[in-house]
Amino acid sequence: MQQSAPLSQRLKLAMLSIALLALAACDTHFPVTERGQANVEEDNVTIVALTPATINAFNALPAPNGFSGAPTPEDVEYRVGTGDVISVIVWDHPELTIPAGPERSAVDSGAIVRSDGTMFFPYVGSINAAGRTTGEIRSDLSRQLSRFIPSPQVEVRIVRFGSQRITVAGAVETPGSIVLQDLPLALVDAIRQSGGLTEQANPREITLQRGAQRFDINYDRFLEEGDTLQNPILRDGDIVRIPQIQSQNAYLLGQVRQPGLIPLGQDPVTLTQAVTQQGGINENEADTRGVFIFRSEGSETVVAQLDVSSPIAYLLGNQFILRDQDVVYVTTAPIDRWNAVIADLLPSFTAERALRTTINSF
(Lines give C-alpha, C1' and ligand atoms only; values in the text may rest on other atoms or scores of the structure.)
Protein backbone atom coordinates (compact mmCIF):
# COMPACT_ATOMS: atom_id res chain seq x y z
CA MET A 1 0.00 0.00 0.00
CA GLN A 2 1.45 3.34 -1.04
CA GLN A 3 2.09 5.78 1.81
CA SER A 4 0.54 9.23 1.64
CA ALA A 5 2.75 12.26 1.06
CA PRO A 6 4.04 14.10 4.15
CA LEU A 7 1.79 16.79 5.59
CA SER A 8 4.10 19.59 4.47
CA GLN A 9 4.06 18.28 0.90
CA ARG A 10 0.27 17.97 0.87
CA LEU A 11 -0.08 21.52 2.19
CA LYS A 12 2.27 22.84 -0.47
CA LEU A 13 0.37 21.01 -3.21
CA ALA A 14 -2.91 22.39 -1.86
CA MET A 15 -1.55 25.93 -1.94
CA LEU A 16 -0.23 25.27 -5.45
CA SER A 17 -3.74 24.30 -6.56
CA ILE A 18 -5.15 27.50 -5.07
CA ALA A 19 -2.47 29.53 -6.83
CA LEU A 20 -3.28 27.80 -10.13
CA LEU A 21 -6.94 28.74 -9.81
CA ALA A 22 -6.11 32.34 -8.95
CA LEU A 23 -3.67 32.60 -11.83
CA ALA A 24 -6.06 30.97 -14.28
CA ALA A 25 -8.58 33.71 -13.51
CA CYS A 26 -5.92 36.28 -14.41
CA ASP A 27 -4.87 34.85 -17.75
CA THR A 28 -6.06 37.86 -19.72
CA HIS A 29 -4.45 40.51 -17.58
CA PHE A 30 -0.69 40.23 -18.10
CA PRO A 31 0.94 43.20 -19.84
CA VAL A 32 3.28 41.60 -22.36
CA THR A 33 3.97 44.78 -24.30
CA GLU A 34 6.27 47.62 -23.22
CA ARG A 35 3.30 49.99 -23.36
CA GLY A 36 1.27 47.78 -21.08
CA GLN A 37 4.12 47.35 -18.62
CA ALA A 38 4.70 51.10 -18.49
CA ASN A 39 1.14 51.54 -17.21
CA VAL A 40 1.51 49.16 -14.26
CA GLU A 41 0.44 51.02 -11.14
CA GLU A 42 0.83 48.34 -8.45
CA ASP A 43 3.22 49.38 -5.68
CA ASN A 44 6.36 47.28 -5.05
CA VAL A 45 6.10 45.52 -8.42
CA THR A 46 8.76 45.86 -11.11
CA ILE A 47 8.51 44.24 -14.54
CA VAL A 48 11.73 43.69 -16.47
CA ALA A 49 12.01 42.18 -19.93
CA LEU A 50 14.70 39.50 -20.12
CA THR A 51 17.35 40.55 -22.62
CA PRO A 52 21.10 39.94 -22.91
CA ALA A 53 21.56 43.25 -21.08
CA THR A 54 19.30 42.43 -18.11
CA ILE A 55 19.73 38.72 -17.48
CA ASN A 56 22.96 39.06 -15.48
CA ALA A 57 21.16 41.11 -12.84
CA PHE A 58 18.75 38.22 -12.26
CA ASN A 59 21.49 35.61 -12.04
CA ALA A 60 23.65 37.62 -9.66
CA LEU A 61 23.65 36.12 -6.16
CA PRO A 62 22.17 38.33 -3.43
CA ALA A 63 24.80 40.42 -1.69
CA PRO A 64 25.49 38.81 1.69
CA ASN A 65 25.78 40.65 4.97
CA GLY A 66 29.47 39.96 4.72
CA PHE A 67 32.81 41.64 5.14
CA SER A 68 33.80 44.94 3.60
CA GLY A 69 37.52 44.56 3.10
CA ALA A 70 40.74 42.64 3.50
CA PRO A 71 41.89 41.45 6.95
CA THR A 72 43.48 44.14 9.09
CA PRO A 73 46.80 43.56 10.92
CA GLU A 74 44.76 43.10 14.10
CA ASP A 75 42.98 40.16 12.45
CA VAL A 76 46.23 38.48 11.44
CA GLU A 77 48.81 39.02 14.19
CA TYR A 78 48.35 36.75 17.20
CA ARG A 79 48.06 38.41 20.59
CA VAL A 80 48.98 36.49 23.69
CA GLY A 81 46.23 35.52 26.14
CA THR A 82 45.70 33.89 29.51
CA GLY A 83 46.83 30.26 29.52
CA ASP A 84 49.37 30.58 26.72
CA VAL A 85 52.89 29.39 27.56
CA ILE A 86 55.77 31.64 26.50
CA SER A 87 59.33 30.48 25.90
CA VAL A 88 62.00 33.16 26.41
CA ILE A 89 65.57 32.59 25.24
CA VAL A 90 68.32 34.99 26.28
CA TRP A 91 71.35 34.14 24.18
CA ASP A 92 74.59 33.42 26.08
CA HIS A 93 72.60 33.18 29.31
CA PRO A 94 71.38 29.58 29.62
CA GLU A 95 70.62 30.07 33.31
CA LEU A 96 67.79 32.35 32.22
CA THR A 97 66.72 30.25 29.28
CA ILE A 98 66.19 26.92 31.04
CA PRO A 99 66.26 27.56 34.78
CA ALA A 100 64.81 24.15 35.62
CA GLY A 101 67.40 22.06 33.79
CA PRO A 102 68.11 20.86 30.23
CA GLU A 103 65.98 17.70 30.54
CA ARG A 104 62.70 19.64 30.54
CA SER A 105 60.71 20.59 27.43
CA ALA A 106 60.10 24.14 26.27
CA VAL A 107 56.52 23.91 27.54
CA ASP A 108 57.67 22.68 30.97
CA SER A 109 60.22 25.45 31.30
CA GLY A 110 58.13 28.18 29.71
CA ALA A 111 56.36 31.02 31.46
CA ILE A 112 52.58 30.68 31.63
CA VAL A 113 50.44 33.76 31.21
CA ARG A 114 48.49 34.05 34.45
CA SER A 115 44.85 35.00 34.94
CA ASP A 116 45.79 38.64 35.53
CA GLY A 117 47.50 38.74 32.13
CA THR A 118 51.07 38.81 33.45
CA MET A 119 54.02 36.42 33.22
CA PHE A 120 57.12 36.10 35.39
CA PHE A 121 60.72 36.26 34.22
CA PRO A 122 63.92 36.36 36.33
CA TYR A 123 65.48 39.76 37.02
CA VAL A 124 62.41 41.43 35.53
CA GLY A 125 59.61 40.03 37.65
CA SER A 126 56.03 40.25 36.39
CA ILE A 127 55.42 41.90 33.05
CA ASN A 128 52.21 42.41 31.11
CA ALA A 129 51.74 39.80 28.39
CA ALA A 130 48.03 39.41 27.60
CA GLY A 131 46.89 41.36 24.57
CA ARG A 132 50.42 41.88 23.29
CA THR A 133 52.33 40.32 20.40
CA THR A 134 55.50 38.33 20.95
CA GLY A 135 57.42 41.22 19.38
CA GLU A 136 56.04 43.65 21.92
CA ILE A 137 56.89 41.30 24.79
CA ARG A 138 60.42 40.83 23.43
CA SER A 139 60.98 44.60 23.24
CA ASP A 140 59.78 45.04 26.83
CA LEU A 141 62.00 42.21 28.13
CA SER A 142 65.04 43.49 26.23
CA ARG A 143 64.59 46.95 27.66
CA GLN A 144 64.26 45.74 31.24
CA LEU A 145 67.05 43.13 31.02
CA SER A 146 69.46 45.76 29.65
CA ARG A 147 69.76 47.08 33.20
CA PHE A 148 71.53 43.82 34.13
CA ILE A 149 72.85 42.41 30.83
CA PRO A 150 74.60 44.54 28.21
CA SER A 151 72.70 44.46 24.88
CA PRO A 152 70.63 41.34 25.63
CA GLN A 153 69.67 39.19 22.66
CA VAL A 154 66.14 37.96 23.43
CA GLU A 155 63.87 35.58 21.56
CA VAL A 156 60.21 35.17 22.53
CA ARG A 157 57.87 32.55 21.14
CA ILE A 158 54.66 30.81 22.11
CA VAL A 159 55.17 27.10 22.81
CA ARG A 160 51.61 26.26 23.84
CA PHE A 161 48.44 27.93 22.62
CA GLY A 162 45.23 27.78 24.57
CA SER A 163 43.81 31.21 25.21
CA GLN A 164 41.81 31.68 22.02
CA ARG A 165 39.46 29.43 20.12
CA ILE A 166 36.63 29.43 17.63
CA THR A 167 33.68 27.04 17.30
CA VAL A 168 32.47 25.26 14.16
CA ALA A 169 28.97 23.84 14.45
CA GLY A 170 26.55 22.13 12.10
CA ALA A 171 27.12 20.11 8.94
CA VAL A 172 30.85 19.29 9.22
CA GLU A 173 32.33 15.88 9.96
CA THR A 174 33.74 16.80 13.39
CA PRO A 175 32.01 19.84 14.92
CA GLY A 176 33.74 21.43 17.88
CA SER A 177 36.22 24.07 18.93
CA ILE A 178 39.55 24.91 17.29
CA VAL A 179 42.41 26.55 19.19
CA LEU A 180 43.81 29.58 17.39
CA GLN A 181 47.56 29.74 16.87
CA ASP A 182 49.98 32.32 15.55
CA LEU A 183 49.16 31.60 11.90
CA PRO A 184 45.88 33.23 10.77
CA LEU A 185 42.93 30.81 10.57
CA ALA A 186 40.60 31.44 7.64
CA LEU A 187 37.18 29.85 7.21
CA VAL A 188 38.50 27.36 4.66
CA ASP A 189 41.12 26.19 7.20
CA ALA A 190 38.52 25.86 9.96
CA ILE A 191 36.30 23.73 7.72
CA ARG A 192 39.27 21.55 6.77
CA GLN A 193 40.29 21.07 10.41
CA SER A 194 36.68 20.10 11.17
CA GLY A 195 36.85 17.23 8.68
CA GLY A 196 35.22 19.05 5.79
CA LEU A 197 31.60 19.64 4.87
CA THR A 198 29.13 16.77 5.02
CA GLU A 199 27.04 15.78 2.00
CA GLN A 200 24.07 17.50 3.62
CA ALA A 201 25.88 20.83 4.13
CA ASN A 202 24.59 24.02 2.56
CA PRO A 203 27.73 26.11 1.87
CA ARG A 204 25.70 29.01 0.49
CA GLU A 205 24.11 29.92 3.82
CA ILE A 206 26.93 29.74 6.37
CA THR A 207 26.66 32.21 9.23
CA LEU A 208 29.42 33.70 11.35
CA GLN A 209 28.50 35.02 14.78
CA ARG A 210 31.04 37.55 16.03
CA GLY A 211 29.86 39.06 19.29
CA ALA A 212 26.58 40.82 18.59
CA GLN A 213 27.20 40.81 14.83
CA ARG A 214 26.06 38.12 12.44
CA PHE A 215 27.52 37.76 8.96
CA ASP A 216 26.08 35.73 6.07
CA ILE A 217 28.65 33.82 4.02
CA ASN A 218 28.21 32.20 0.63
CA TYR A 219 31.15 29.80 0.68
CA ASP A 220 30.48 28.75 -2.92
CA ARG A 221 31.45 32.25 -3.99
CA PHE A 222 34.91 31.73 -2.56
CA LEU A 223 35.33 28.27 -4.10
CA GLU A 224 33.92 29.13 -7.52
CA GLU A 225 34.70 32.84 -7.94
CA GLY A 226 37.62 33.42 -5.56
CA ASP A 227 35.66 35.99 -3.53
CA THR A 228 37.95 36.31 -0.51
CA LEU A 229 35.29 38.18 1.45
CA GLN A 230 33.53 34.82 1.73
CA ASN A 231 36.64 33.32 3.38
CA PRO A 232 37.17 35.60 6.39
CA ILE A 233 39.99 35.42 8.91
CA LEU A 234 38.46 34.10 12.14
CA ARG A 235 38.91 35.73 15.53
CA ASP A 236 38.73 34.52 19.10
CA GLY A 237 35.14 33.71 20.08
CA ASP A 238 33.78 33.40 16.53
CA ILE A 239 31.03 30.83 16.02
CA VAL A 240 30.67 29.37 12.53
CA ARG A 241 27.36 27.62 11.80
CA ILE A 242 26.98 25.48 8.70
CA PRO A 243 23.34 24.53 8.03
CA GLN A 244 22.01 21.48 6.26
CA ILE A 245 20.36 21.76 2.87
CA GLN A 246 16.67 22.55 3.15
CA SER A 247 14.10 21.57 0.56
CA GLN A 248 14.02 24.27 -2.12
CA ASN A 249 11.50 24.50 -4.94
CA ALA A 250 10.37 26.71 -7.77
CA TYR A 251 6.88 26.54 -9.25
CA LEU A 252 5.83 26.15 -12.88
CA LEU A 253 2.23 27.22 -13.55
CA GLY A 254 -0.08 28.17 -16.39
CA GLN A 255 0.04 26.95 -19.96
CA VAL A 256 2.60 24.17 -19.58
CA ARG A 257 1.88 20.51 -20.10
CA GLN A 258 2.64 19.47 -16.51
CA PRO A 259 2.33 22.35 -14.00
CA GLY A 260 3.93 21.60 -10.62
CA LEU A 261 6.88 21.85 -8.26
CA ILE A 262 10.44 22.10 -9.60
CA PRO A 263 12.92 20.73 -7.01
CA LEU A 264 16.11 22.79 -6.79
CA GLY A 265 19.25 21.06 -5.58
CA GLN A 266 22.90 22.07 -5.38
CA ASP A 267 23.24 22.10 -9.16
CA PRO A 268 21.63 25.11 -10.88
CA VAL A 269 18.29 24.60 -12.68
CA THR A 270 17.59 26.94 -15.58
CA LEU A 271 14.22 28.14 -16.83
CA THR A 272 14.60 26.08 -20.01
CA GLN A 273 15.42 22.93 -18.03
CA ALA A 274 12.40 23.42 -15.77
CA VAL A 275 9.97 23.92 -18.66
CA THR A 276 11.45 21.00 -20.62
CA GLN A 277 11.27 18.52 -17.74
CA GLN A 278 7.57 19.39 -17.30
CA GLY A 279 6.76 18.59 -20.92
CA GLY A 280 7.23 22.03 -22.44
CA ILE A 281 4.87 24.92 -23.18
CA ASN A 282 1.33 24.20 -24.36
CA GLU A 283 1.85 25.95 -27.67
CA ASN A 284 -1.82 25.79 -28.71
CA GLU A 285 -2.93 27.82 -25.70
CA ALA A 286 0.08 29.85 -24.57
CA ASP A 287 0.99 33.35 -25.62
CA THR A 288 4.66 33.08 -26.50
CA ARG A 289 5.23 36.65 -25.38
CA GLY A 290 4.03 35.93 -21.87
CA VAL A 291 6.46 33.76 -19.90
CA PHE A 292 6.78 35.44 -16.48
CA ILE A 293 9.02 34.66 -13.52
CA PHE A 294 7.89 36.12 -10.18
CA ARG A 295 10.70 36.63 -7.69
CA SER A 296 10.60 38.09 -4.19
CA GLU A 297 13.31 40.69 -3.55
CA GLY A 298 12.78 41.73 0.07
CA SER A 299 9.49 43.63 0.26
CA GLU A 300 9.26 43.93 -3.53
CA THR A 301 8.21 41.56 -6.28
CA VAL A 302 10.27 41.53 -9.47
CA VAL A 303 8.60 40.07 -12.54
CA ALA A 304 10.87 38.96 -15.37
CA GLN A 305 9.20 38.60 -18.78
CA LEU A 306 10.61 36.33 -21.49
CA ASP A 307 9.30 36.61 -25.03
CA VAL A 308 9.84 33.10 -26.41
CA SER A 309 8.66 34.13 -29.86
CA SER A 310 12.15 35.56 -30.29
CA PRO A 311 14.94 33.11 -31.29
CA ILE A 312 17.29 34.58 -28.69
CA ALA A 313 14.81 33.60 -25.97
CA TYR A 314 15.99 29.98 -26.03
CA LEU A 315 19.52 31.09 -25.19
CA LEU A 316 18.29 33.44 -22.47
CA GLY A 317 16.03 30.79 -20.96
CA ASN A 318 18.97 28.43 -20.70
CA GLN A 319 20.95 31.13 -18.88
CA PHE A 320 18.23 32.15 -16.40
CA ILE A 321 18.86 30.27 -13.14
CA LEU A 322 15.83 29.66 -10.94
CA ARG A 323 15.94 30.42 -7.21
CA ASP A 324 14.01 29.05 -4.28
CA GLN A 325 10.34 30.15 -4.39
CA ASP A 326 10.46 31.55 -7.93
CA VAL A 327 7.06 31.24 -9.63
CA VAL A 328 7.14 30.71 -13.41
CA TYR A 329 3.84 31.44 -15.16
CA VAL A 330 3.05 30.94 -18.85
CA THR A 331 -0.02 32.97 -19.80
CA THR A 332 -2.64 32.73 -22.54
CA ALA A 333 -3.63 35.37 -25.13
CA PRO A 334 -3.07 38.36 -22.83
CA ILE A 335 -4.37 41.89 -23.12
CA ASP A 336 -3.09 44.97 -21.31
CA ARG A 337 -5.31 45.02 -18.23
CA TRP A 338 -2.85 44.09 -15.47
CA ASN A 339 -3.75 46.78 -12.91
CA ALA A 340 -7.31 45.60 -12.38
CA VAL A 341 -6.38 42.13 -11.10
CA ILE A 342 -2.74 42.08 -9.95
CA ALA A 343 -4.07 42.52 -6.41
CA ASP A 344 -5.65 39.06 -6.85
CA LEU A 345 -2.50 37.51 -8.26
CA LEU A 346 0.17 38.71 -5.84
CA PRO A 347 -1.55 37.44 -2.65
CA SER A 348 -1.33 33.92 -4.11
CA PHE A 349 2.40 34.39 -4.57
CA THR A 350 2.80 35.93 -1.10
CA ALA A 351 0.57 33.37 0.62
CA GLU A 352 2.65 30.47 -0.68
CA ARG A 353 5.80 32.03 0.75
CA ALA A 354 4.06 32.57 4.08
CA LEU A 355 2.93 28.94 4.09
CA ARG A 356 6.47 27.72 3.43
CA THR A 357 7.78 29.81 6.32
CA THR A 358 5.12 28.30 8.60
CA ILE A 359 5.89 24.75 7.48
CA ASN A 360 9.63 25.18 8.03
CA SER A 361 9.01 26.42 11.56
CA PHE A 362 7.64 23.04 12.66
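This is a predicted model: local features need pLDDT of at least 70, side-chain atom pairs count only at pLDDT 80 or more; totals for chains, interfaces and linings use all residues.

Me: What makes arginine 192 and aspartate 189 a salt bridge?

Reply: The N to O distance of their side chains is 4.0 Å. A salt bridge needs a side-chain nitrogen of Lys or Arg within 4 Å of a carboxyl oxygen of Asp or Glu. The pair therefore qualifies. Both residues lie in helix α8 (residues 187-193), three residues apart, about one turn of the helix. Helices (H or I, at least four residues) and strands (E, at least two) are DSSP runs, numbered from the N terminus.

Me: Why is aspartate 189 given its accessibility class?

Reply: Aspartate 189 stands at 24% relative accessibility, so it counts as partly exposed.

Me: What does the salt bridge of arginine 210 and aspartate 238 tie together?

Reply: Their side chains meet at 2.7 Å, N to O. Arginine 210 lies in strand β9 and aspartate 238 in the loop between α9 (219-225) and β11, so the pair ties together parts 28 residues apart in sequence. Both residues are buried. The whole structure holds nine salt bridges.

Me: How do you know whether threonine 207 is buried or exposed?

Reply: Its relative accessibility is 9%, so threonine 207 counts as buried. Threonine 207 sits in strand β9 (residues 206-210). Leaving out residues up to four places away in sequence, it touches Arg214, Phe215, Asp216, Ile239, Val240 and Arg241. Contact means heavy atoms within 4.5 Å. In β11, its bridge partner is arginine 241.

Me: What makes β8 and β10 the edges of their sheet?

Reply: The open sheet has five strands in the order β8-β7-β11-β9-β10, with mixed pairing. β8 and β10 (213-217) each have a single partner strand, so one side of each is left without a neighbour in the sheet. Two strands pair if DSSP finds at least two bridges between them.

Me: How do you know that β7 pairs with β8 and with β11?

Reply: β7 (residues 165-170) and β8 (residues 176-179) are antiparallel over four bridges. Four bridges also join β7 to β11 (residues 239-242), and these two run parallel.

Me: Why is the pair of tyrosine 78 and phenylalanine 161 called edge-to-face?

Reply: Three aromatic pairs are counted here. In this one, the centres are 5.1 Å apart and the planes stand at 90°. Rings of Phe, Tyr and Trp (its six-membered ring) pair if their centres lie within 6.5 Å; planes under 30 degrees apart count as stacked, over 60 as edge-to-face and the rest as tilted. So the two rings pair, and they are edge-to-face. Both tyrosine 78 and phenylalanine 161 are buried.

Definitions and conventions
Residues are numbered from 1 along each chain as its sequence is written. Side-chain values use heavy atoms; hydrogens and water are left out. Buried means under 20% relative accessible area, exposed over 50%, partly exposed in between (1.4 Å probe, protein chains only).
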